[in-house]
Amino acid sequence: MASNENTSNKAADNGKKLNVGNLPVDVTEKELRDHFKEFTVENVEIFHYLKYTLALLLFKDKDTATKALKAKEGTLFRNRRLRMHIEYIAIWNIKKNVFVYVVDDNTTEEDVYDKFKTKTEVTGVLVFHPLAYVSCNTQEQKEAAIKELNAEETTVYDLTGHDQNHHIEIWRAAKLFFRNLNRVSLINLPESWVSNQEELKKAVEGTGTLTEVKVINNSHGSVAQLFYEDEDTARNAAQTLNQQVFDGKRIHALHVTAALIPDYTSSVYLTGLEKATSEETIYSHFEQFGEIEFVSRRKCADEHAVICFKNSSAVEAALECKTLPVPKPDSEETEDKAIGVKRYNGPLIIDLKPSHVKKLLEDGEESKMRPPPLPLAKLWPIYVSNLPYTADKRDIRDYFSSVGGHIKFIFSPNIPAYKTSQTSMVMAALIYYARREQATDAIKAFNGKHFQNRCLHVFPGRKDTYFNPETSVRLVRLTIGVSEEKLFEKFRKFGFIECVVKRNRNTALIEFRDKEVCDKVLQLPDGEKPVRCGIEPLTAKVNRKIFKENDEKISLSMQEIIDKNPAVLENVQSNRFSGPPPLKRGRFNGPDPNFGNLGNRNDFNSMNSNNDFSNPQVIQDLLRLAFISGKNLGEGLASGNNNPFNNSSDSPLSSLNLANGFSGRNFGGGSNNGFGNNSGNRGNFGNNQNNFNNRNNAGNQNNRNNNGNNFGNNGNKFGNNSQNNQNQNRNNNNQNQNQNQNRQGGGNQNRRF
């Protein structure tokens, strides 16, 4: 109940609260109300974590909170420069106009501001010891400042949003710690805890009363979050669990934050490790050089690790280490593995490329490829991106087989950066067809079409497709709320867009048709950009695909699926369109399967209704049917064949008997007209009446071989109609008397408009 109340209060207060940071530890509510006396403050909450203090100020409405932010942000409060933002926010990335500087425990944000304000235009400072983050006005100013400061031997560091330095977690802890004061994060989990939360709860049951347990799996490993009743219990639990060994794993237990921040005066990092080398193996070997605070391999790729000692004197001894004993494969013995040990004296962005990627880059393009599994090599794949992550594979198969073709296999890898690139998660997939022409038809039919409100990118599965650098731009520093569809709508006013791909949360690529449009977009000032972002030229070819079939990891993943279930390629259900295609194209294949869906995005086309006969595809289908039926009929009559359609491989009127002639009843505008408006003229062109329509003559009746369509303005239009009246054959006593006889016309009774 308390959780529901907190959620409802958060929703009600969203936009009306100000988060005020960089406050002195002894700040009072009265001081804050006095500082914001021009604005009515309804409530004040003050929070403390380590040496940091922030407050949440609730105003009567969003407009008042916004005015207070504009008026007070960056003002001095007891000689401290206030950091402020509107709650509630989510921190997904750090802007690229920020550099990092290492500070000591006594350095304040004002000290950092004063140090760098003469070097660049400083727009903000955030200190979370031992790191200070300095925001410049632009990315260009940041790059110039880094170059100048490093030339003066003032060491500052560039950053990325996600690397072994955990900058994202540090920013979240510094600005939003009040949300997680009762939380403990556990890193380096045993496998039993990941697969069974009951084992995890049992292991930590003596640390306090738990209100919630979560296990989060991502590309950097699993993290457990334990929520306790209060802050003190959580803090004590973290101290109890930290560096304890469970099932051979040394746990990192962190209160509030999930960032392992080392002391840069007493840390080293390792290179040349094998992927299978565990933190415990490293810990056991390096503890001979001094007492260890922690060892971390999280976010360090395959061949790196960070070691933080408790004493800086251990660093010099550790730097002399050249080898690490590792277990031999399939043996209990160990062997020495050559490694490198380097000083970790700042938030370096160490080379995070996995060792196998480095080797492949050194050896050339061919060596990083792996052929697809043999069963798939015989099939024909297409690559599809921007699929809804929630889409069921059966829905995907049904949609992509709607133009014909037998889909044998669908594979979608888990790529976290792409999956979470938009507000609604997306995925990319390889869809394998039985024949080449089926895959080719699918690319033509579905590229640029919409599936569950997502515009699809469909390319050949085995052919690289690149953005053209001359007509493409790169968008950087995007927000997660910007989808590919939104980017398309915002930028289409400048010119025709060939392709839009958002590769991750912050980066997207747009290719225009014309170079002039691309140049115009690159020159847009900030005030005229359709979305908040940086726009950069594309200097090299970039693949439109997020992954490729012959990437080693992709190929191995597909091989693993097939090995576990060899029948996966045989158990694909076929709908009425699937299966091998006919030897030649059918004369009439029904309407476009995408009829009613969104068309090409560059055509300003709204959703068509199901009965929109202005659709060119529907008109084309109608004309094709009329032409084929008339052509076959004329040829058959000329040859004297009683049923001219029997010799046709795609007979629309396979059971028609024209021995007694051909009648065109209801072929005009009146109820009984043949070709005129005379109500008495039945328009009989033979010795019986043939109503050109599909009818089931039910009951005791004389069937007139009515196999056709009412092309006039009467009530029967292109449908299967039941006629229960009694009809008489008026020509030379030739009567066809049948009960419940179904005559099929129009080529295929199942095909509808």
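**Basis of the entries**

The model is predicted, so I note that local features need pLDDT of at least 70 and side-chain atom pairs pLDDT 80 or more, while totals for chains, interfaces and linings use all residues. Residues are numbered from 1 along each chain as its sequence is written, and side-chain values use heavy atoms, with hydrogens and water left out.

**Aromatic pairs**

I counted rings of Phe, Tyr and Trp (its six-membered ring) as paired if their centres lie within 6.5 Å, with planes under 30 degrees apart stacked, over 60 edge-to-face and the rest tilted. The count by this rule is 19 aromatic pairs. Phe 36 and Phe 59 are edge-to-face, because their ring centres are 6.3 Å apart and their planes stand at 65°. This pair links distant parts of the chain, 23 residues apart: Phe 36 is in the loop between helix 2 (29-35) and strand 2 (41-49), and Phe 59 is in strand 3 (residues 52-59). I took helices (H or I, at least four residues) and strands (E, at least two) as DSSP runs numbered from the N terminus. Phe 36 is buried at 0% relative accessible area, and Phe 59 is buried at 0% relative accessibility. For these terms, buried is under 20% relative accessible area, exposed over 50% and partly exposed in between (1.4 Å probe, protein chains only).

Trp 193 and Phe 246 form a tilted pair, 5.0 Å centre to centre with 50° between the planes. Trp 193 is in helix 7 and Phe 246 in strand 13 (residues 245-246), so the pair ties together parts 53 residues apart in sequence. I found Trp 193 buried, at 3% relative accessible area. Glu 191, also in helix 7 (residues 191-195), is exposed at 63% relative accessibility.

I also recorded one aromatic cluster, formed by Tyr 399, Phe 400, Phe 446 and Phe 451.

**Strand 16**

Strand 16 (residues 267-271) is largely enclosed by the rest of the structure, because five of its five residues are buried. Ser 267, Tyr 269 and Thr 271 point one way, Val 268 and Leu 270 the other. I took strands as paired if DSSP finds at least two bridges between them. Four bridges join strand 16 to antiparallel strand 18 (residues 305-309), where Ala 305 is the bridge partner of Leu 270. Four bridges also join strand 16 to antiparallel strand 21 (residues 340-343), in which Lys 342 stands opposite Tyr 269.
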